[in-house]
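Reader: Could you take a close look at the site where the ligand sits, and then follow the elements around it into the fold?

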Amino acid sequence: MKNRQVLLASRPEAEVKESNFRVVDAAMPRAATGEVLVRTLYLSLDPYMRMRMDAGKSYAPPVEPGEVMVGGGLGEVVESLDPKFTKGDIVTGRTGWQAFAALPGAALRKVDTKGAPVTTALGAVGMPGVTAWYGLLKIGEPRAGETVVVSAASGAVGSVVGQIASIKGCRVVGIAGGKAKCDYVLSELKFDACVDYKAADFESRLKAAAPDGIDIYFENVGGRVLDAVLPLLNAFSRIPFCGYISEYDRKEGHAIRNLRQLLVSRAKLQGFIISEHLEIWDQALSELAGWVAAGKLRYRESIAEGLENAPQAFIGMLLGKNLGKQLVKLA
Ligand SMILES: NC(=O)c1ccc[n+]([C@@H]2O[C@H](COP(=O)([O-])OP(=O)(O)OC[C@H]3O[C@@H](n4cnc5c(N)ncnc54)[C@H](OP(=O)(O)O)[C@@H]3O)[C@@H](O)[C@H]2O)c1
């Protein structure tokens, strides 16, 4: 048996192309003592992977050409040399873009198969959900009645941010690309308002949607959207700085014009990387699972079929073709 893998073939010059990847059939990995052999069932596709395709300064080392693409996955234990796991367990971990991975047991998390569908362990009750939980609650510190604005609002992180903010009694304004996504954000996620950032008059629409100003801006995209938010910030507002997807392709950055508004509003802006806050994961996952079970936290998944289609699905996610969490189901 062979292990199908997707490798980084070359670094993108700007936008990612399918030719930046190569699909190969490699030798099967073997589990060493303390390790677990996992068969990947679903691969999670996430924007951070775009940054790992580039060399240069970042918070994590890049993938080198010829290496397996990094990524989180949901898998089934096929062999365990760690006493904490048995064959058949469903786990999440850093499988990478491949069909099988031998991983340290200490780096895996067992998934409760009796609760919500297991795929939520990669989405609303997984890394994106925990990211939303931490950024909003620990950095944003929402109070009932405040206005929370979140960009990439229909996506894996943004959809959870807005719904937690609603649970906490805030007025929630989403920002998303296009009418269909805004309709979804309003009708299914029940945000109070949603503004299409692709509209020519986006800035004035955002102002109208936040008549009392903005107390928390959960930043996922940066660029022109951030510039439009800055003048609307209230005194002592908070900005959990989660992502900046508009510039992951390393095109020339948007020159921010309104930065002084951070001073004028005495705002707090704090970047964070969720894998560095392992101490809150258990609490966050338990609360997220509870909200999903209670029907208070809704989610969508976009699922591509087959590992060899992961590059196309990844490019689509970067272009906004996904609705909710982008996954790949392995054959
Ligand atoms: N700090 C952390 O630890 C951490 C952890 C997880 C995720 N993140 C960050 O959180 C953000 C959202 O991640 P996600 O997994 O939830 O992805 P996602 O929102 O499910 O998918 C990415 C979305 O970004 C939007 N987008 C793409 N290009 C854009 C542009 N130029 N301007 C505005 N929006 C654009 C698209 O939505 P539209 O169709 O609406 O444009 C697309 O659907 C990303 O920036 C990611 O890097 C950070």
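**The ligand site and its sheet**

Author: The residues of the shell around the ligand divide into 17 nonpolar, nine polar and one charged (nonpolar being Ala, Val, Leu, Ile, Met, Phe, Trp, Tyr, Cys and Pro, charged being Asp, Glu, Lys and Arg, and polar the others, Gly among them). The model is predicted, with local features requiring pLDDT of at least 70 and side-chain atom pairs pLDDT 80 or more, whereas totals for chains, interfaces and linings use all residues. Residues are numbered from 1 along each chain as its sequence is written, and side-chain values use heavy atoms, without hydrogens and water.

Of the 27 residues around the ligand (a heavy atom within 4 Å), those that come nearest are Lys181, Tyr197, Tyr248, Phe272 and Asn322. From the backbone, an N or O atom of isoleucine 274 lies 2.8 Å from a ligand oxygen, and a polar atom of alanine 156 is 3.0 Å from one. The protein covers 91% of the 920 Å² of accessible area (Shrake-Rupley, 1.4 Å probe) that the ligand has on its own.

H3 lies across strands E8 (147–151), E9 (171–176) and E11 (214–218), running at about 170° to E8, where angles, from 0 to 180 degrees, are taken between N-to-C directions of axes fitted to C-alpha atoms, for helices over the stretch in contact (heavy atoms within 4.5 Å). Helix H4 (residues 179–187) also packs on the sheet, touching E9 and E10, and its direction makes about 170° with that of E10.

The open sheet has six strands in the order E10-E9-E8-E11-E12-E13, with parallel pairing (at least two DSSP bridges between two strands). Strands E10 (193–196) and E13 (268–271) stand at the edges with a single partner strand each, so one side of each is left without a neighbour in the sheet.

Terms used: A polar contact is a pair of N or O atoms within 3.5 Å; within protein, one must be able to donate a hydrogen and the other to accept it, and residues adjacent in sequence count only if both atoms are side-chain atoms. Helices (H or I, at least four residues) and strands (E, at least two) are DSSP runs, numbered from the N terminus.
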